[in-house]
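Student: Could you take me through the terms used for this model, setting each one against its definition?

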Amino acid sequence: MSIVNLAQLQVTFGEKTVVKGASLRVEEGETFSLIGASGCGKSTLLRVLAGLQREWQGQLSLFGQPVKAGTRYQGALRRNVQMVFQDPYASLHPNHTLWRTLAEPLKIHGEPEIDQQVATALEQVGLPVDAARRYPHQLSGGQRQRVAIARALLLRPKILLLDEPTSALDMSVQAEILNLLNRLKQQHGMSYLLVSHDADVIAHMSDRAASMANGVIERFFDRSALVRGEHRMG
Ligand SMILES: Nc1ncnc2c1ncn2[C@@H]1O[C@H](COP(=O)(O)OP(=O)(O)OP(=O)(O)O)[C@@H](O)[C@H]1O
Ligand SMILES: [Mg+2]
């Protein structure tokens, strides 16, 4: 069963159609990546899948269930699709401690033992438990992105949508976060849909990938094409 089955997605803002008939599937357990120039529609496609961009045309099913445009994600659907955003600075509330940032989704979903779960979530991403008292401005960029990943994983989603999760970080921190993501994926049996403009990141992380240009998916790459570096052309 495909975790994501997206067909002929179209997204229009005013006069401008920014996604023009994109189709892709993400299979259970795989990392599928999207590569493409700035403005080609990658984040918009992820926002549709996350239920954040609700105006679109086309066909979508998640975990085998059809999802209509306009759907407000609730319950299992909301839990199972989580997103890590492009900008680790903007994605955490500046006036909330990490404890509050991590506790809130647990409370919304009626989870038990919140303190324990927050501590485990921090540990999982390699942050000390006493970091829970801190505010985002008291963290480095890499630490902030770890918190964003911890938050996305709290509800044990089936798919994680990763929008340039390391592009704001320097090379060594980038490698740490990517390795962390790979380890967490193994531990939790998740699927990833990863956006990156970095061909090395794509080759390191992905089972399959697709290149996007001007709102259209141009080409798919299987693992052996990625190993050969075919996604580096153009
Ligand atoms: N809410 C919006 N209203 C109007 N236009 C938008 C909106 N969101 C995105 N766009 C436009 O849609 C196009 C695609 O944007 P998108 O953010 O999906 O690109 P991207 O591929 O993620 O680019 P980048 O690599 O720079 O993150 C851009 O031209 C952008 O300006
Ligand atoms: Mg983007």
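Tutor: Two strands pair if DSSP finds at least two bridges between them, and strands themselves are DSSP runs of E with at least two residues, just as helices are runs of H or I with at least four, numbered from the N terminus. This is a predicted model, in which local features need pLDDT of at least 70, side-chain atom pairs count only at pLDDT 80 or more, and totals for chains, interfaces and linings use all residues. Residues are numbered from 1 along each chain as its sequence is written, and side-chain values use heavy atoms, with hydrogens and water left out.

Student: How do you know that strand 3 pairs with strand 9?

Tutor: Strand 3 (residues 31-36) is joined to strand 9 by 5 bridges, and at least two are required, so the two strands pair. They run parallel, and Ser-33 has Ala-209 of strand 9 as its bridge partner.

Student: What makes strand 6 and strand 10 the edges of the sheet?

Tutor: The open sheet has 6 strands in the order 6-7-8-3-9-10, with mixed pairing. Strand 6 (81-84) and strand 10 each have a single partner strand, so one side of each is left without a neighbour in the sheet.

Student: Why is helix 3 called oblique to helix 4?

Tutor: Helix 3 (residues 98-108) and helix 4 (residues 114-124) pack at about 120 degrees, the angle being taken from 0 to 180 degrees between N-to-C directions of axes fitted to C-alpha atoms, for helices over the stretch in contact. Angles under 35 degrees count as roughly parallel, over 145 as roughly antiparallel, 65 to 115 as roughly perpendicular and the rest as oblique, and that makes helix 3 oblique to helix 4.

Conventions
Chains lettered and ligands numbered in written order.
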